[in-house]
Amino acid sequence: MPLSELRKKWQGLTFDIAAEEMRRLYKTPTNEEKLRLYSLYKQAVHGDIPPLDEYVKPGSGFEKEKYEAWEAMRGKSATSCKAEYVQLAEEMIKKYERNIVRNKWNSDVWSVDY
């Protein structure tokens, strides 16, 4: 498969593979997209954000935005968050493509650098 086609391939993602693929996008997503991915991932893996007495709410900046994004997911099930995360990952791979590297053991094989 040509490198250009491999970068666009996205079908058949599971939640775990989608999470790994988001670390390997060819271009950088926007802050809004990063926050959406973060909040869906945290809700899917950890559930509802802990109450304020257990989790110190950050004062400002991106940390506050991350807190608020995760807090907005309160009550969503892990299953629905994982499905939404995978769907968003598929859209982002189409938009930003995957970062593919030449595999060291065989210069003719292209693969994701896992």
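**Close-up views of a predicted model**

**View 1. The largest nonpolar core and the residues with the most partners in it.** Of the 18 residues that form the largest nonpolar core of this predicted model, Met22, Tyr85 and Met92 are the ones that touch the most other members. Two or more residues of this core come from each of helix H2 (15–22), helix H3 (31–46) and helix H5 (78–96), and H5 gives the most, with 8 residues. In soluble globular proteins, nonpolar side chains tend to be buried together.

**View 2. The surroundings of Tyr85.** When neighbours within four places in sequence are left aside, Tyr85 is in contact with Phe15, Ala18, Ala19 and Met22, and also with Leu37, Leu40 and Tyr41.

**View 3. The protein as a whole, as a setting for the close-ups.** The protein has 5 helices and 2 strands, and from the N terminus on its elements run α-α-α-α-α-β-β. Buried residues account for 36% of the 114 residues, while the accessible surface comes to about 7,200 Å², of which 49% belongs to carbon and sulfur atoms. Among contacts between residues at least 6 apart in sequence, 75% join residues at least 24 apart.

View 4. Lys66, which lies in helix H4 (residues 61–72), is buried because its relative accessible area is 18%, under the 20% limit. Not counting residues up to four places away in sequence, Lys66 touches Leu35 and Tyr38.

View 5. The side chains of Arg36 and Glu84 meet in a salt bridge, with 1.8 Å from N to O. This pair links distant parts of the chain, since Arg36 is in helix H3 and Glu84 in helix H5, 48 residues apart. Arg36 is partly exposed, with a relative accessible area of 32%, and Glu84 also counts as partly exposed, at 22%.

**View 6. Further salt bridges.** A search of the whole structure finds 8 salt bridges, among them one between Glu20 and Arg24, whose closest N and O atoms are 2.5 Å apart. Within helix H4, Lys64 and Glu68 lie 4 residues apart, about one turn of the helix, and their side chains meet in a salt bridge of 3.9 Å, N to O.

Conventions. Residues are numbered from 1 along each chain as its sequence is written. This is a predicted model: local features need pLDDT of at least 70, side-chain atom pairs count only at pLDDT 80 or more; totals for chains, interfaces and linings use all residues. Side-chain values use heavy atoms; hydrogens and water are left out. A nonpolar core is a set of buried Ala, Val, Leu, Ile, Met, Phe, Trp, Tyr and Cys residues joined through side-chain atoms within 4.5 Å. Buried means under 20% relative accessible area, exposed over 50%, partly exposed in between (1.4 Å probe, protein chains only). Contact means heavy atoms within 4.5 Å. Accessible areas come from the Shrake-Rupley method with a 1.4 Å probe; for residues, only the protein chains shown count as cover. A salt bridge is a side-chain nitrogen of Lys or Arg within 4 Å of a carboxyl oxygen of Asp or Glu.
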